[in-house]
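I set down each term with its cut-offs where I first rely on it.

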Amino acid sequence: DRIKKKEERMMKLLYEGLGKIPGVQVYGSFAECKGPVMSLNFQGLKASDAAYILESGYGITVRAGLHCSPLIHEAMGTQKNGTIRISISYFTKEKDIQEFLTAAEQIAGSVAGR
């Protein structure tokens with residue numbers, strides 16, 4: 001249906017865009033994960049700090065932490081700081097994805113000193 005197709009298209013843009021940004025660790029891949037939710041981290045930055053930067057500096061709301069899933073975080077090795085969780089919906093626009101990718105690139109570059 002059109003809702004699922006749009007969500008898939010937006011998630012593909014996210015996976016492809018984030019995959020090009022050094023310093024961003026995405027958990028999972030577009031081929032494996034078909035839902036409208038993604039977990040990621042910025043190397044050298046706690047998930048909670050990254051979420052704060054995204055909200056206060058860019059107006060982008062994400063969730064940070066263990067997301068009620070401590071065992072999966074233990075398996076992924078993220079139990080200490082958790083991850084950032086971003087989700088999209090039918091109402092997410094390509095512009096929103098591009099804004100997130102720009103913010104992610106700036107944050108990753110800032111942490112790495114680029």
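Entry 1, conventions. I took helices (H or I, at least four residues) and strands (E, at least two) as DSSP runs, numbered from the N terminus. The model is predicted, and I therefore required pLDDT of at least 70 for local features and pLDDT 80 or more for side-chain atom pairs, while totals for chains, interfaces and linings use all residues. Residues are numbered from 1 along each chain as its sequence is written, and side-chain values use heavy atoms, with hydrogens and water left out.

I counted a salt bridge where a side-chain nitrogen of Lys or Arg lies within 4 Å of a carboxyl oxygen of Asp or Glu. The structure holds three of them. Side chains of opposite charge can pair when their charged atoms come close.

I found Lys95 bridged to Glu99, with N to O at 3.5 Å. Lys95 and Glu99 both lie in helix α4, four residues apart, which is about one turn of the helix. Lys95 also meets Asp96 in a salt bridge, at 3.8 Å from N to O. For accessibility I used relative accessible area (buried under 20%, exposed over 50%, partly exposed in between; 1.4 Å probe, protein chains only). Lys95 is partly exposed at 49%, as are Glu99 at 42% and Asp96 at 29%. Through shared partners, the salt bridges join Lys95, Asp96 and Glu99 into one network.

Entry 4, helix α1. I recorded a salt bridge between Glu16 and Lys12, whose closest N and O atoms are 3.9 Å apart. The two residues are separated by about one helical turn because they stand four residues apart in helix α1 (residues 2–19). Glu16 is partly exposed at 41% relative accessibility, and Lys12 is partly exposed at 39%.

I fitted axes as lines to C-alpha atoms, for helices over the stretch in contact, with angles from 0 to 180 degrees between N-to-C directions. The axes of helix α2 (residues 47–58) and helix α4 (residues 94–112) come within 11 Å and cross at roughly 120°. That makes α2 oblique to α4 (under 35 degrees is roughly parallel, over 145 roughly antiparallel, 65 to 115 roughly perpendicular, the rest oblique).

Which residues of α2 and α4 meet? With contact meaning heavy atoms within 4.5 Å, I found Ile53, Leu54 and Tyr58 in α2 meeting Phe100, Ala103, Gln106 and Ile107 in α4.
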